[in-house]
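Me: I have a structure open and would like to learn how to read it. Can we go through it feature by feature?

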Amino acid sequence: ENCSTGTSELSVEVTDIGGGQVQFDFEHEASDGDWSLTDVYFDDGTLLGIASIFGTSGVDFAQNATPSNLPGGNGAAPPFVATAGFSLDSNSEMVPANGVDMGGEVLSVIFDLMGGGAFADVILELTNGDLRIGLHVQSYADGGSESFINNPIPEPGTAFLLGLGLMGLSARRH
């Protein structure tokens, strides 16, 4: 039940904001706060470095998640290995409370692209699997947590909505 809830209610929108930067907006699309997106991980890709992290009111994240790799990510095929420095963790001792836990809350991450990289490269890497995104969700009603990894899908676009539930999302328990 936790897996199906997460796959149907998590999304990320990828946008070209110009100046060699790409923005990822992570959202929890349900109106309730039954669970919270608390960690985000990126595995490889054209990204150079995190330029900015910000969220709507109540969402507070910082670079370098703990743990440093997606919980359960080793069970993915191929194993999910977060790129050093490309992870985010909700802040404070109230981790779930500062995560993305209800509709309208958004976590935004802006990445600088490597020299010569373009937005089209990011989209290509998302569609062919060279860039994967891992999400860790905590505080389900049953006390459980789940990890999700996007699977490649062939869909181009300039403002690209990756509905994780529609992506053949892989879920791993830890």
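Me: Is Phe26 buried or exposed?
Reply: Buried means under 20% relative accessible area, exposed means over 50%, and partly exposed lies in between (1.4 Å probe, protein chains only). Phe26 has 0% relative accessibility, so Phe26 counts as buried. Phe42 is buried too, with a relative accessible area of 0%.

Me: What should I know about the model itself?
Reply: This is a predicted model: local features need pLDDT of at least 70, side-chain atom pairs count only at pLDDT 80 or more, and totals for chains, interfaces and linings use all residues. Residues are numbered from 1 along each chain as its sequence is written, and side-chain values use heavy atoms, with hydrogens and water left out.

Me: How many helices and strands does the chain have?
Reply: Helices (H or I, at least four residues) and strands (E, at least two) are DSSP runs, numbered from the N terminus. Here there are three helices and eleven strands. Along the sequence the pattern reads α-β-β-β-β-β-β-α-β-α-β-β-β-β. Of the 174 residues, 47% count as buried.

Me: How do I read a pair of rings?
Reply: Two things describe an aromatic pair: the distance of the ring centres and the angle of the planes. Rings of Phe, Tyr and Trp (its six-membered ring) pair if their centres lie within 6.5 Å; planes under 30 degrees apart are stacked, over 60 edge-to-face, and the rest tilted. This structure holds five aromatic pairs. One of them joins Phe26 and Phe42, edge-to-face, with 6.3 Å centre to centre and 70 degrees between the planes. Phe26 lies in strand β2 (residues 21-28) and Phe42 in strand β3 (residues 36-43), so this pair ties together parts 16 residues apart in sequence.

Me: What is the geometry of the pair formed by Phe86 and Phe111?
Reply: That pair is edge-to-face, at 5.2 Å centre to centre and 80 degrees between the planes. Phe86 sits in the loop between β5 (61-63) and β6 (87-90), Phe111 in strand β7 (residues 106-113), 25 residues apart. Phe86 counts as buried at 6% relative accessibility, and Phe111 at 0%.

Me: Which residues do ring pairs link into a cluster?
Reply: Phe24, Phe26, Phe42, Phe86 and Phe111.

Me: Which strands pair with β7?
Reply: Two strands pair if DSSP finds at least two bridges between them. Seven bridges join β2 to β7, and the two run antiparallel. Glu27 has Val106 in β7 as its bridge partner. Strand β4 (residues 47-55) also pairs with β7 in the antiparallel sense, over seven bridges. Ile50 stands opposite Phe111 there.

Me: Why is β7 largely enclosed by the rest of the structure?
Reply: Seven of its eight residues are buried, so β7 is largely enclosed.

Me: Which residues touch the most other members of the largest nonpolar core?
Reply: A nonpolar core is a set of buried Ala, Val, Leu, Ile, Met, Phe, Trp, Tyr and Cys residues joined through side-chain atoms within 4.5 Å. The largest has 31 residues, and Phe24, Phe26 and Phe42 touch the most other members. Elements giving two or more residues to this core are β1 (10-18), β2, β3, β4, β7, α3 (119-128) and β8 (132-138). Apart from this core lies another, of seven residues, among them Tyr41, Ala76, Phe80 and Ile149.
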